[in-house]
Amino acid sequence: MNIAAKNRSVGVPVPLVDGIEKVSGRAAYTADLAADALVGRLYRSPVSHGEITRLDVSRALALPGVVAILTGDDCPHAFGILPIAMNEFPLARGKVRYRGDPIAAIAAVDAATAEKAIDLIEAEFAELPAYYSSKAARAADAVLIHDDRPGNLEREVHHSFGDVEAGFAAADLIREDVFDCAEVSHVMMEPHAALADYDVERERLTLHSVSQVPYYVHLMLARVMEMDSSRIRVVKPFVGGGFGARTETLNFELIAGLLARKVGGKVALTLTREESFISHRGRPQTDIKLKLGMTKDGRLTAAECEVVQRGGAYAGYGIVTILYAGALLHGIYDIPAVKYDGYRTYTNLPPCGAMRGHGTVDVRHAFECMLDRMARQLGMDPFDLRRKNLLTAPMRTLNDLIVNSYGLDECMDVVEKVAGWSGRAARKTPGKGFGMACSHYVSGAAKPVHWTGEPHAVVNLKLDFDGGVTALTGAADIGQGSSTVVALSVAEVLGIDLGRISVVANDSTVTPKDNGSYSSRVTFMVGNAAIDAARNLRDVLIRAAAEKLDAAPEDIDCADEAFFVAGSDQSRLTFKEVVAAALVDTGTITVKGTYTVPPDAQGGKHRGGAVGSTMGFSYAAQVVEVTVDEELGSITVDKVWVAHDCGFAINPLAVEGQIQGSVWMGLGQALTEETVYENGLAVSGNMLDYRVPTIADSPPIDTHIVESIDPNGPFGAKEAGEGSLSGFLPALVNAVADAIGVDMDELPLTPDRVLKAVAAKARAEKAAAKMAAGR
């Protein structure tokens, strides 16, 4: 079926429904709402690891203008995103585990007073050995960071599928390489902020926050504050980006709530850029050892992968991240046997978490680099080698993931053609190189973090006398355009103008619960729920139209804001006429739509099998053109060609922007971004030392949308905002190898690393020449 030809609302480029507020400056973010609030500030640990032996806040509390102070004594309950891994407290209790760990919180009448009070807090510590690398933390004599985690391991994973030993025995070529990917941070535009207001008389709390997961914040507030959840209201106003930084409840959100209750009023906790870096939850530094087996015609026979992630001081999403790293070895290529060993370590650094492309980016980088190197050894074209290993949908992977649609072959065809791949040799000049890579990602986790048996997504629609449709959703629009997807889906099903639809999102008193914006779940799950709700509303309206037209409901159709008897010349009823008829005797109409992932799509039966399961994988391929200056070690990305299989582009304008954003974020991780610590102190916690690409660094990105029409996606859609990220890193590294003949195993490719690799290559060539001359 040619979906695009039948559409009037979806499949057409549309500005985001909240775009005007953002570009005009009218959008109100959390910090904008705090004008009449007390000011909160945090006292943070100056040591990386130690017992708190003395904490005296008396001088700070005596300072005029200080209203309240909290310490760990006020925070008896741990929190965390995973029910099985809650080991973080809003304020440290007895022990600190990284420099910056919050110890005390102050609420004061203004910022100057709060900051002065912070300086008056006195603390002493019995310092413990601190570990800043996975290797040091895993040493046999290492002190435990958490007493219940032997070996400072948060989680180790061991999965094996197929006969790995036989797979390597059947290989004509076996290669093993080691990769080191630096830790990176999200650097969202808006720093962290929370505004909490406690109503003493009603014993109710209202929290405005920057969260991507208001529902999970709601749960943790109830837990930590020992409040009935019905007395808590969580509102997500406009949010200036997230990229995964806000996919779990963060300590400052809980501290704001606790402070507000203690003062009996309103407290704003607005973090600085440095504090936002320290709150972190970024992609962990990752060591990858990857071994691949391949036949001489390029067919993969086996893969063996070991991943060690430096997780930081607390659990966060760590268990999920280390499971994702192994699970998503599958789902993109046909690999007969896969062995995975994963280790997530605790260290005395800010905690890592989810980041765009959660769990897959570093391992996909290593895998795609290896494919290119093996293609070179076999004398094969990188595109041809990958084509030897494509999947055929529908199918299930070795680890029981479902692949229902698969557009990777078309993505490769597109970028190979538009990039002029076959003619690239004619464009080669000294330092010029071309590289390619592929990638994929989930369209939402098939099993939610907190399993309650409820639908995965719920959308409510309200229709009243004015003929306007209000869509109520708990899905967090953080700039990715999810509210626009809801509006377009409803408009398409009802056949009405987009201007009739208003979207109300993320206010727990009026919108239905949603699990949040993470793992690219919103378009697939919330989009399907919106379609279900719109169909339910359409059924109500069709019954009303059928009665007015004296026809059977099954004969009624709707389009272009009209209801009519299909195939008849009978007069049409306008949308408002049908609304008026439907409201008779009932008044305001409310309907609900839901979506739940079927149980057979929620992952395998092995331990951790739910992680990686999804109803639809997106696929992407890209070609990167670079110029490398071997004297300076600098790399210029000249152009990027990318094709992304999003199933169906509900809003092509937003899809294109998401693909470009993914590539751009990959550019940062590949070339410049890296968190740096000195004895646990974050020395890159600002936007000068932590260098994200600027517009001057950003190359032209030639974006192409591939539509494989997923059978379960909303109108056939899948994810569009993460899958292209992980392909850029290896495409760039492969392009550099093409340019200067050096395979780089460390990220980012900073000039010092490039110069070091070039020097090593020169030494190796000199030694080889000397050896050859001596024969």
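Q: Which side chains meet in a salt bridge with a distance of 2.9 Å, N to O?

A: A salt bridge is a side-chain nitrogen of Lys or Arg within 4 Å of a carboxyl oxygen of Asp or Glu. Here the side chains of R202 and D199 meet in one, at 2.9 Å from N to O. This is a predicted model, in which local features need pLDDT of at least 70 and side-chain atom pairs count only at pLDDT 80 or more, while totals for chains, interfaces and linings use all residues. Residues are numbered from 1 along each chain as its sequence is written, and side-chain values use heavy atoms, with hydrogens and water left out.

Q: Is R202 buried or exposed?

A: Buried means under 20% relative accessible area, exposed means over 50%, and partly exposed is in between (1.4 Å probe, protein chains only). R202 has 55% relative accessibility, so it counts as exposed.

Q: How many salt bridges does the structure hold?

A: There are 45 salt bridges in the structure. Among them is the one between E88 and R281, whose closest N and O atoms are 2.5 Å apart. E88 lies in the loop between strand 3 (66–71) and strand 4 (95–96), and R281 in the loop between helix 9 (273–279) and strand 13 (285–294), so this pair ties together parts that are 193 residues apart in sequence. Helices (H or I, at least four residues) and strands (E, at least two) are DSSP runs, numbered from the N terminus. E88 is buried at 3% relative accessibility, and R281 is buried at 1%.

Q: Where are E154 and R344 in the chain?

A: E154 sits in strand 7 (residues 153–161) and R344 in strand 15 (residues 338–345), so to speak distant parts of the chain, 190 residues apart. They form a salt bridge with the closest N and O atoms 3.7 Å apart, and both residues are buried.

Q: Which residues are linked in a network of salt bridges?

A: The network links R175, D177, R373, R376, D743 and D745.

Q: What does S618 touch, leaving aside its neighbours within four places in sequence?

A: Contact means heavy atoms within 4.5 Å. With those neighbours left aside, S618 is in contact with S439, H440, Y441, S443, H644, D645, K718, E719 and G723. S618 belongs to strand 26 (residues 617–629) and is buried, at a relative accessible area of 0%.

Q: Which side chain does S618 join in a polar contact?

A: A polar contact is a pair of N or O atoms within 3.5 Å; within protein, one must be able to donate a hydrogen and the other to accept it, and residues adjacent in sequence count only if both atoms are side-chain atoms. The side chain of S618 makes such a contact with that of E719, at 2.6 Å.

Q: Where do cis peptide bonds join residues, and what is omega there?

A: One joins A393 and P394, with omega about 0 degrees. P394 is in the loop between helix 12 (382–387) and strand 16 (395–396). Another cis bond joins L747 and P748, again with omega about 0 degrees, and P748 is in the loop between strand 31 (746–747) and helix 19 (751–774).

Q: What is the phi of D560, which is not a glycine?

A: D560 has a positive phi of about 50 degrees. The residue is in the loop between strand 22 (556–559) and strand 23 (562–565), and is exposed at 52% relative accessibility. D585 also has a positive phi, about 70 degrees, without being a glycine. D585 lies in the loop between helix 16 (575–583) and strand 25 (589–595) and is exposed at 81%.

Q: How many helices and strands does the protein have?

A: The secondary structure comes to 19 helices and 31 strands. The radius of gyration is 27 Å, close to the 28 Å that the globule rule gives for 775 residues, so the protein is as compact as a globular protein of that length. That radius is taken over C-alpha atoms, and the rule is 2.2 Å times the number of residues to the power 0.38. Of the 775 residues, 61% count as buried.
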